[in-house]
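Take the model one region at a time.

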Amino acid sequence: MSQTKLKTDLQHLKKPSRSKTYFTLLLFVVLMIVSAISVDFSFQKLFEGFPNMFNLVDKMSPPNWSYFSYITEPMLETIRMAVVGATFGSILSIPFAILSARNVTKSKWVLLPTRFLMNINRAFPDLLMAALLVAVFGLGTTAGIIALSLFSLGIVSKLTYESIEAIDPGPLEAMTAVGANKLEIIYYGVVPQIMPQYLSYCIYVFEINIRFAAILGLVGAGGIGQFYDTNLSLFNYPNVSAMIIYTLAVVLVIDFISGRLRRSLI
Amino acid sequence: MIEFHNVSKVYPNGTRGLNNINVKLEKGEFVVIVGLSGAGKSTFLRCINRLHEVTDGEIIVNGKSITQAKGKPLLHIRRDIGMIFQNFNLVKRSSVLRNVLSGRVGYHSTMKTIFGLFPKEDKDLAFQALDRVNMLEKAYARADELSGGQQQRVSIARALAQEAKIILADEPVASLDPLTTKQVMDDLHHINKEMGITMVVNLHSIQLAREYATRMIGVRAGEIVFDGPVTEATDEVLDFIYGKGTTTVESFPEKQQPLEEVVQ
Ligand SMILES: Nc1ncnc2c1ncn2[C@@H]1O[C@H](COP(=O)(O)OP(=O)(O)OP(=O)(O)O)[C@@H](O)[C@H]1O
Ligand SMILES: [Mg+2]
């Protein structure tokens with residue numbers, strides 16, 4: 001190819017413009033500044049607040065260690081809620097993930113409504129959802145478990161459908177060529193490819209469910225959160241600090257175990 | 001037997017993959033398709049089992065129109081057509097046996113296949129197929145533990161377990177070394193000779209085409225520009241198929257010369 005020919009060809013091949021990237025960056029900075037102003041953020045207040053924090057720590061110590069035995073049962077309840085919620089949510093997320101993966105579900109009429117439902121679920125503030133569920137199902141763990149299930153569903157279905165969209169399309173093609181129907185293609189072509197990731201997401205969502213379950217009690221949806229609420233309103237800070245330490249310990253242990261489990265999966 | 005009747009395929013972006021193809025492939029033939037990169041070889045192959053939809057014309061496979069078939073009948077036509085891919089397309093995390101058995105799903109109800117309830121005959125069939133390509137001892141290995149050549153032989157076993165009457169192979173040896181290439185091509189050759197399975201194979205190597213094919217089809221810019229026994233595929237013919245040393249389809253002249261003129 002001659003030099004001039006190459007030149008004219010290169011003119012056709014336009015270099016992708018960078019302005020989009022710059023514009024996005026600018027937008028981001030502007031949005032950040034505007035948000036900071038609108039929430040009345042000031043460094044002054046931040047510094048003024050610091051001494052109060054030390055004050056609180058002072059009031060909290062020493063923790064009331066004997067309170068541990070008293071809150072063990074609600075702590076177990078919290079863990080159970082997290083487990084049940086993670087299980088329901090993870091199972092429910094399977095059809096959602098499959099129906100919203102572009103490479104498996106070809107029909108826009110199925111894909112878009114499914115994604116829409118998922119987006120609504122995720123966009124809904126989690127604690128508000130829990131409060132509404134308490135209004136419907138009454139105080140207690142039922143509302144909490146449903147809230148946790150919906151929360152888990154949102155996370156696992158999104159992560160899973162993204163994993164499905166990233167699978168090797170080869171086996172799907174091979175299964176199509178073999179004469180498999182849609183379900184068989186999914187079962188033989190998709191499932192083996194995403195199983196380890198999916199299981200890892202289930203464990204991960206259980207991990208974050210614990211944190212969420214611990215505060216659900218603030219809106220009356222069961223678990224240890226109720227005890228935070230009572231103790232805080234009674235200014236019983238040594239109890240609060242005991243609970244914080246307990247919760248922290250449980251969360252850390254669960255994180256450690258689930259981290260191990262997840263690593264062994266992949 | 002595969003028949004193309006005025007088949008054209010235009011991709012959604014306007015690219016013409018196939019242009020008014022009329023051809024008949026007989027049972028038991030070993031057909032090799034050659035042509036430049038982008039000539040339409042894969043498109044040709046993938047229209048046969050409708051991995052790609054044609055935009056015009058009709059393809060008849062063993063007397064049934066696959067282009068008109070819908071639902072179950074379509075799946076049943078596909079069941080009779082095995083396919084072998086350049087990058088094997090095995091499920092890497094699954095065992096070799098499971099990959100071969102997946103060739104059987106078209107024969108059973110969805111429930112049975114999902115619970116893995118394959119009858120004993122199916123398992124025997126899978127083992128026989130693996131034996132045929134000398135992969136029996138790897139039956140319980142995970143597919144990703146195998147070399148490329150071994151994976152390709154497993155994918156041939158899948159097509160055999162499928163009891164396909166036709167095997168389509170899209171550059172089955174493109175990613176293999178010369179020795180493995182020979183093993184895989186020999187497997188295909190034996191299957192063709194001994195079991196009478198029709199082979200339609202896309203190849204980039206003329207040498208291999210000459211060695212294994214009974215019939216060669218030259219494709220250029222979506223059209224068949226040569227069709228005949230390998231012995232007739234002289235260097236001049238190949239030069240024409242490959243556009244005389246030029247390397248892009250775009251550089252073809254607007255009006256193609258008829259083949260006869262070139263050969264003379
Ligand atoms: N999915 C697609 N969408 C749009 N155009 C396509 C698509 N697949 C193939 N094409 C175009 O159709 C033409 C034929 O492609 P095809 O893959 O059949 O060529 P090929 O002969 O198999 O080439 P290769 O030897 O590189 O595999 C090419 O111009 C290609 O760019
Ligand atoms: Mg190709």
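Chain A and chain B bury about 2,000 Å² between them, and 60% of that lies on carbon and sulfur atoms. Buried area here is the accessible area (1.4 Å probe) that two parts lose on being put together, summed over both. On the side of chain A, the residues A:A177, A:V178 and A:Y188 supply 31% of the area buried against chain B, more than any other three residues. The model is predicted: local features need pLDDT of at least 70, side-chain atom pairs count only at pLDDT 80 or more, and totals for chains, interfaces and linings use all residues. Residues are numbered from 1 along each chain as its sequence is written, chains are lettered from A and ligands numbered from 1 in the order in which they are written, and side-chain values use heavy atoms, with hydrogens and water left out.

Now count the contact itself. Chain A gives 20 residues and chain B gives 28 residues, where contact means heavy atoms within 4.5 Å. Across this interface there are 2 salt bridges (a side-chain nitrogen of Lys or Arg within 4 Å of a carboxyl oxygen of Asp or Glu). One of them pairs A:E173 with B:R46, with the closest N and O atoms 2.6 Å apart. Which elements of chain A give two or more residues to the side that touches chain B? They are helix 8 (170–178) and helix 9 (182–216) of chain A. Helices (H or I, at least four residues) and strands (E, at least two) are DSSP runs, numbered from the N terminus. By class, this side of chain A has 11 nonpolar, 6 polar and 3 charged residues. Ala, Val, Leu, Ile, Met, Phe, Trp, Tyr, Cys and Pro count as nonpolar, Asp, Glu, Lys and Arg as charged, and the others, Gly among them, as polar.

Next comes ligand 1. It is surrounded by 13 residues, the closest being B:S37, B:G38, B:K41, B:S42 and B:T43; a residue is near if one of its heavy atoms lies within 4 Å. The shell holds 3 nonpolar, 8 polar and 2 charged residues. An N or O atom in the side chain of B:S42 is 2.6 Å from a ligand 1 oxygen. For B:G40, a backbone N or O atom lies 2.9 Å from an oxygen of ligand 1. B:E171 places a polar side-chain atom 3.2 Å from an oxygen of ligand 1. Alone, ligand 1 exposes 630 Å², and the protein buries 65% of that (Shrake-Rupley method, 1.4 Å probe).

Finish with the local details. The peptide bond from A:S61 to A:P62 is cis, with omega near 0°. A:P62 sits in the loop between helix 3 (43–60) and helix 4 (67–99) of chain A. In chain B, B:N6 has phi near 45°, a positive value in a residue other than glycine. B:N6 belongs to strand 1 (residues 2–10) of chain B.

Conventions
A polar contact is a pair of N or O atoms within 3.5 Å; within protein, one must be able to donate a hydrogen and the other to accept it, and residues adjacent in sequence count only if both atoms are side-chain atoms.
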